[in-house]
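Thanks for asking me to go through this one with you. Here are my notes, point by point, to read alongside the model.

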Amino acid sequence: MTYSKITGLGYYVPETIVTNDDLTQYMETSDTWIQERTGIRERRYFTYGKDTNASMATAASRMALERAGVDAKAVDLIVYATITPDYFFPGSGFLMQRELGVDGIGVIDIRDQCSGFVYALSIADQFIRTGMYKTILVVGSEIQSTWIDKSTKGRGVAVIFGDGAGAAVVQATDNPEHRILSTHLHADGRYAEDLYVKEPGSSRPDRSATKEMIDEGGFDVVMNGNAVFKHAVVRFTEVIQESLTANGLTKEDISLLVPHQANIRISEYVRQQLNLPEEKIVNNIQRYGNTTAASIPIALSEAWEHGRVKPGDLICLAAFGSGFTWASALIKW
Ligand code: UT7
């Protein structure tokens, strides 16, 4: 039997740190409100002219490849998740492929928002299990600081999001003891408009963006924060339990839960529902905010660096986000 395993992890966060106090220059908010409601203390913003969505992903991928001891030329496929590509199309996966110098291999560009990395990992897992590919680069990268509205009008959304990238090298293995056990993907499009950006959509009368579209907020993130929160806490718990049940395991078997970093209160609620001690969950939202598709690979990379991911551990990844989408992956490290 062929299985897949993660053999290398990497991440890149831009150098500019934006604290909650920094945000008070642009909007009416406070460090106290942001920390109490979200847990976030600071986030990173990209540097124009230095970072791009693809360049950050390239840096993260190079780190992951180096740690895996794999040459970029050995990569068979790139699966790249982002909702903030450098161009409307083609996706940033193609730009990263060019930067890595691995032209010719396939690139699958996906969105799937905050669940993007787990969806991408699931795609990689399937391609490896069928024997089609042996080495796949799975990436999540976002530059969100340019599309958030940093005025008081947009504060409910703006304070949450940050920029960054994370990557994993996923490779074939015949060892059933160290592998991705299963992935579980879900979505419910009935809630698409509870967290979305309408433009630049194609279902409109004119070819180009108009001032009206901008003035009407078409390019702004629309988020029904309360609805997202309420669905998230239920779906996170559900999809984690689903992964455990599918593998005949229980929540006591989890060594480390790496949830998408959406809000510390969401993660804390889920942790309590699962009765996990604090040392069994990864929270780095305090330093990076919500980096959407990049949040899980950044958190997993940091946990690995800190020695919190060890051979034999049962690692659970779980995500929830726009779509609505939700997903989990269970990994025997
Ligand atoms: O990955 C998925 C991405 N999204 C999420 O996970 C979002 C999930 N939802 C959340 O995290 C929370 O709903 C938020 C953090 C977005 C908002 O927290 P909340 O506790 O649901 O606050 P709220 O939207 O109900 O607003 C409460 C109050 C309002 O004032 P009034 O109407 O009570 O006077 C807001 O205007 O807080 C106000 N407010 C703020 N005040 C200071 C909203 N944003 C801010 C802000 N600073 N940044």
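1. Phe324 sits in the loop that links strand S12 (314-321) to strand S13 (325-332). In this predicted model, the peptide bond running from Gly323 to Phe324 is cis, with omega near -15 degrees. Do give that bond a look, since most peptide bonds are trans.

2. There is another cis peptide bond to look at, between Phe89 and Pro90, where omega is about 0 degrees. Pro90 belongs to the loop between S4 and H4.

3. Strand S4 (residues 77-81) pairs with strand S5 (residues 106-110) in the parallel sense, over five bridges. Within this pairing, Ala81 stands opposite Ile110 in S5.

4. Next comes the loop between S5 and H5, which holds Asp112 and Gln113. Asp112 is not a glycine, yet its phi is positive, near 55 degrees. Gln113, also not a glycine, has a positive phi of about 50 degrees. Gln113 counts as buried because its relative accessible area, 16%, is under 20%.

5. Just after H5, Gly131 has a positive phi of about 90 degrees.

6. Finally, an unreviewed UniProt entry annotates residues 244-333 as "domain: Beta-ketoacyl-[acyl-carrier-protein] synthase III C-terminal". In the model, this span is 31% helix and 22% strand, and its end C-alpha atoms lie 15 Å apart.

Notes
Residues are numbered from 1 along each chain as its sequence is written. This is a predicted model: local features need pLDDT of at least 70, side-chain atom pairs count only at pLDDT 80 or more; totals for chains, interfaces and linings use all residues. Side-chain values use heavy atoms; hydrogens and water are left out. Two strands pair if DSSP finds at least two bridges between them. Helices (H or I, at least four residues) and strands (E, at least two) are DSSP runs, numbered from the N terminus. UniProt positions are given in the numbering used here, feature names are shortened, and annotations may be inferred rather than shown by experiment. Buried means under 20% relative accessible area, exposed over 50%, partly exposed in between (1.4 Å probe, protein chains only).
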